[in-house]
Amino acid sequence: MSMVSKAVVLADRQRLREALPSGEGLLGIVTTDRAEGVLYVLSRYEDMVWWLPKTGCPTSLVDCKRKLDFARIRCKQLRSESKAVMARLIWANTKLAVSTVSGQFMKLVVWLNWLHDQGIRSLAQVTPMVADRYVQHVNQLTSPNRIGGPLAPGTKAQRLLVVETCWRHLLDTPNGFDHPWPENSASALAKLKQATKPKTDIIPEEVLHPLFQQSESLLSRATELLGHRDAVGDY
């Protein structure tokens, strides 16, 4: 690890952000960490392995969870495109936890290697038909925790959300593609329930109306009632 100033890191990040849409000049610092008040470079964009910062991570998080090994993506072009997606995730305005970024990367690897197995060599080749085939593939997967059973809706949604993540982060690049499932979403396709029934029942109108009237009556007599309270206190 080499020491670096915050100004250099910010300058590199800005330059990379501006270069991502064209895909040219993608060289520079991606991740850093701080130790004993000193800022260090962890990873550069051109590295095959990126390390996420340890600072702020729970002590139970093992180091391998901070490692993003792009060599796991078999296709060179898809590997290159995945870096743009991951860089934008890491630099998101709302900072994501290291475990979240790592989890996203793992699902991205699965998605991109599936594309490679389908003969697709760039995300620019993804169409709604290709995305629909991936939905079918995910629906056929079984859970290691439920022998022979399908993946839980939440797990399916996470597998499919990474497709939307790629779509969102590559829109302004040559590798952008149309929305994977027009008029639908990963959560809906995974049949993930978004809303739950309120735990407290709604008060019926015939009960609420007189209750409201009584409350309003008491509020209108607030000064009088407070006066009675003070009088009782003085007594």
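Which residues are exposed on the other side of H4? The views below, taken from a predicted model, begin with this helix.

View 1. Helix H4 covers residues 128-140, 13 residues in total. From its first C-alpha to its last, H4 reaches 18 Å, close to the 18 Å expected at 1.5 Å a residue. Val130, Ala131, Tyr134, Val135 and Val138 are the buried residues of H4. Viewed down the helix axis, these buried residues lie within an arc of 150°, and therefore they line one face of H4. An α-helix has 3.6 residues a turn, so residues three or four places apart point the same way. On the other side of H4, the exposed residues are Met129 and Gln140.

**View 2. The cover over the buried residues of H4.** Helices contribute to the cover over the buried residues of H4, including H3 (98-117), H5 (153-170) and H6 (186-189).

View 3. Strand S1 (residues 29-35) pairs with strand S2 (residues 38-44) in the antiparallel sense, over 6 bridges. Within this pairing, Thr31 stands opposite Ser43 of S2, and Ala35 stands opposite Val38 of S2. The hairpin has 2 residues between the strands, and Glu36 takes a positive phi near 55°. Of the 7 residues of S1, 5 are buried, so this strand is largely enclosed by the rest of the structure.

**View 4. The largest nonpolar core.** This core has 49 residues, of which Tyr45, Trp50, Leu68, Met86, Trp111, Leu115 and Leu123 touch the most other members. At least two residues of the core come from each of the helices H1 (6-19), H2 (76-90), H3, H4, H5 and H6. Helix H3 gives the most, with 9 residues. In soluble globular proteins, nonpolar side chains tend to be buried together.

View 5. Leaving aside residues up to four places away in sequence, Leu68 touches Met48, Val49, Trp50, Leu52, Met86, Ile90, Val101, Ser102 and Phe105.

Technical notes
Residues are numbered from 1 along each chain as its sequence is written. This is a predicted model: local features need pLDDT of at least 70, side-chain atom pairs count only at pLDDT 80 or more; totals for chains, interfaces and linings use all residues. Side-chain values use heavy atoms; hydrogens and water are left out. Helices (H or I, at least four residues) and strands (E, at least two) are DSSP runs, numbered from the N terminus. The expected span of a helix is 1.5 Å times one less than its number of residues. Buried means under 20% relative accessible area, exposed over 50%, partly exposed in between (1.4 Å probe, protein chains only). The arc is that of the directions from the helix axis to the C-beta atoms. Contact means heavy atoms within 4.5 Å. Two strands pair if DSSP finds at least two bridges between them. A nonpolar core is a set of buried Ala, Val, Leu, Ile, Met, Phe, Trp, Tyr and Cys residues joined through side-chain atoms within 4.5 Å.
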